[in-house]
Amino acid sequence: MAGRDETPGTTGSRGSRLLGCVALASLGVLGVLAFVLTGPDVRIHPTTGEEFGQFDAVRMLYLHVPMAILMYASFLLCAVASVGVLVKRTPWWDVMAHSTAEVGTVLCGLVLVTGSIWGRPVWNTWWEWGDVRLMTTLVLFLLFAGYLALRGTTSDPRRQERQAAVVALVAVLDIPLVNRSVEWWENRTLHQRSTLEELKIEDLTLFTLMFGFLTFGLVVWWLTLQRFRVGWLERAAIDHAVGSAIAERRSETSAVELDAAIGVSDDPAGEESP
Amino acid sequence: MSEVRRFLGDAGLVAARDLRIEFRSRVVVGQVVPFALLVLVLFGFALDADHRTLRMFASGLFWVAVLLSALLAVHRSAALELSDGTLDALRMSGLPPAALFLGKATAVFVQLMLLEVVLLGGLLVLYGVQVVDPMLLLVSGLLAGVAVAAAGTLYGALASGLGVRETLLPILLLPVLAPVLIGATRAFDDALGSVAVDGWAWTGLLAVAALIATVVGALVHGVLIED
């Protein structure tokens, strides 16, 4: 076990390595399920007899939908951790908020990219400006891009954690809009309503989608764990650097000079008489 | 009742102070308003000075000009607290943070109203638009102004302590104001008769945005300004 003052060579532990291996293997299995074992979405029109559907593009949804759900989960965890920052004011909550926000932003970017790739063959466009869910998701991405830009500034960490918490709590107000937009603005979206609620999909398709949730759950868990440990070490490095700088300055100045500088004297005769 | 009156009095003091500083320095009148008009003129150049195109997109161009200019006004409002330890003095004064927020937001709102009036004149003269529904124009302009002023004051306070606030403030604020931009543009589309939409429904969205921005700003301003 590494000592307190030793610099660890890795952020991994036996548990996190096992988790990483399981997540990686699950990604491989998901790839086989999504791109090999499940079939394309092909339906026959009842009257004309023509083939229609999403064809091979449907395979992208096995990645897109689980990533979107895990994105919500990451941002909601960030909101909970941000409340923790404002209430508890401890570094643990701040590092957790930062970690979940970063993982959530990566997922949000991937959701936009995979959705765009899926939309090209199905909607016949890379981007649809009139789609409310696309717009609100893009705004969510930009809000958290701003959050990460704020985290990248070199200001007082105590002040920054409060500022970041406020930005995160405002940003997550967009999540209900993203999630419910399909129902609230039914005629202003190309997105379909949730097929899970109405169970329109079944068999291997449903299993692959559920396996996608499990896989991305493991991936997000592993990423958040690693990011949290990196964040924790960053905090420790800053505290260590500040502590070293203070100790260095102390060693340069003798105690008597220091007392004189701050106006403290042990000699009662030196005090001013009333 | 007296507590409410005292709270509003405190907010009024801060608003009057900010407006007095603006009246004396004339930064908004002398720099922000000309900048907004310049943006309108640049849009005219970019769209090849085609009156029909300009009339069709007048609402969107108007609100983009308002938002860009609001960034400058918000930046100026936040910068007032940084000189001569003003923020420290305000912290020591015992003013409720919510009253401080409300006062500063009110001052920014008044400046934005001036900006909107001048820009509307620009639309009428330069773009040749006609006002079809003045009441819708007034109500949506007021509500969008409240939302922009409140959100701007909140994020201005947030970014004010940072060395990179000039670049960070737009990144933080503009995505938050995206719903306001959409709602205000649609409402103005209806009020100016350029697109057939239900402007009052979009005004409802502006009312919700204004309410949320004001309540959230008043609640969290204290957290942002504490040392």
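## Ground rules

Residues are counted from 1 along each chain as its sequence is written, while chains are lettered from A and ligands numbered from 1 in the order in which they are written. Since the model is predicted, local features need pLDDT of at least 70, side-chain atom pairs count only at pLDDT 80 or more, and totals for chains, interfaces and linings use all residues; side-chain values rest on heavy atoms, with hydrogens and water left out.

## Chain A

Let's start with chain A, which has nine helices and two strands. Helices here are DSSP runs of H or I with at least four residues, strands are runs of E with at least two, and both are numbered from the N terminus. Along the sequence the order is α-β-β-α-α-α-α-α-α-α-α. Of the 274 residues in chain A, 39% are buried; buried means under 20% relative accessible area, exposed means over 50%, and partly exposed is in between (1.4 Å probe, protein chains only).

Chain A exposes about 15900 Å², with 64% of that supplied by carbon and sulfur atoms. Accessible areas come from the Shrake-Rupley method with a 1.4 Å probe, and for residues only the protein chains shown count as cover. Take the contacts (heavy atoms within 4.5 Å) in chain A between residues at least 6 apart in sequence: 71% of them join residues at least 24 apart.

## A look at A:Thr100

A:Thr100 sits in helix 3 (residues 91-122) of chain A and is buried, at a relative accessible area of 1%. Leaving out residues up to four places away in sequence, A:Thr100 touches A:Ser74, A:Leu77, A:Cys78 and A:Thr224. The A:Thr100 side chain also reaches the backbone oxygen of A:Ala97, at 3.1 Å.

## Chain B

Buried residues make up 48% of its 227 residues. The accessible surface of chain B is about 10300 Å², and 70% of that belongs to carbon and sulfur atoms. For contacts in chain B with a separation of 6 or more, residues 24 or more positions apart account for 82%.

## A look at B:Arg186

B:Arg186 lies in helix 8 (residues 178-191) of chain B and is partly exposed, with a relative accessible area of 27%. Setting aside neighbours within four places in sequence, B:Arg186 is in contact with B:Val197, B:Gly199 and B:Trp202. The C-alpha atoms of B:Arg186 and B:Ala196 are 9.2 Å apart, and the two residues are 10 apart along the chain.

## Where the chains meet

Chain B and chain A bury about 1700 Å² between them, 72% of it on carbon and sulfur atoms. That buried area is the accessible area (1.4 Å probe) that two parts lose on being put together, summed over both. B:Leu158, B:Pro175 and B:Val223 supply 25% of what chain B buries against chain A, more than any other three residues. In all, 21 residues from chain B and 18 residues from chain A take part in the contact.

On the side of chain B that touches chain A, the elements giving two or more residues are helix 6 (134-159), helix 7 (165-176) and helix 9 (199-225) of chain B.

Technical notes: Polar contact = N/O pair within 3.5 Å; in protein donor to acceptor, adjacent residues only side chain to side chain.
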